[in-house]
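Let's walk through this fold piece by piece. Have the model open and follow along.

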Amino acid sequence: MSDWNAGIIDEFRANDGHVGGPFEGTPMILVHHVGRKSGKQSIAPMMYLQSDDDPSTVYVFASKGGAPTNPAWYFNLVAAGSASVERGTETYDVTVAEVTGADRDRIFAEQASRYPGFAEYAEKTAGIRVIPVLALTRV
C-alpha cells in the first residue's frame, strides 16, 4: 500500500493537487500525521468532502476500502487532535474532530451519493463497524 500511496502523493504534487486513474476528478487531500505509537511522520492521500457550512472545514472518511478495521491514520489523527494537510498547492494546519450521530450520517450519505464506492464500503462494513467521519478544520 505504501508504494500505491507514494505514487498518488507524487502525482498529486506534480499536478497541483490533481491525480488521474481511479481518482481522476475527485477532490483529494494529503494528510500529514504522526504515528501515535511509532512517532513516525506519515502522509495519507484521501478523498474529501468540502463542508457546505464552513469553507475552512473538509471531511475525510476512514473507509479503508470497506475493510473490517479502521485505518491506522484514523487512530493517529484522533489521538493527536491536529495535523497538517496539502490541498492543491497549499499546506496548512488543521484541527481534527470526529463527527458522530445524525451529522455523521448526513455527511457520509452525501459523500456516498457523489461517489458510490463509499456506499459499497458501508455495505462491506455493515454490522462490523461504522465508517468514521473526521472534520479537518483550518487553524
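Helices α3 and α4 lie oblique to each other, a label for angles that are not under 35 degrees (roughly parallel), over 145 (roughly antiparallel) or 65 to 115 (roughly perpendicular). The axes of α3 (residues 101-114) and α4 (residues 116-125) cross at roughly 120° and come within 4 Å. Axes here are lines fitted to C-alpha atoms, for helices over the stretch in contact, with angles from 0 to 180 degrees between N-to-C directions. Helices (H or I, at least four residues) and strands (E, at least two) are DSSP runs, numbered from the N terminus.

This is a predicted model, where local features need pLDDT of at least 70, side-chain atom pairs count only at pLDDT 80 or more, and totals for chains, interfaces and linings use all residues. Residues are numbered from 1 along each chain as its sequence is written, and side-chain values use heavy atoms, leaving out hydrogens and water.

Now the barrel: six strands close up in the order β1-β2-β3-β6-β5-β4, with antiparallel pairing (two strands pair if DSSP finds at least two bridges between them). From one strand to the next, the twist averages 45°. Between β1 and β4 (residues 82-87) there are three bridges, and Leu 30 sits opposite Glu 86 in β4.

Finally, peek at the loops. Most residues other than glycine have a negative phi. Asp 16, in the loop between α1 (2-14) and β1 (28-34), has a positive one near 55°. Lys 64 has a positive phi too, about 50°, and sits in the loop between β3 (57-61) and α2 (72-80).
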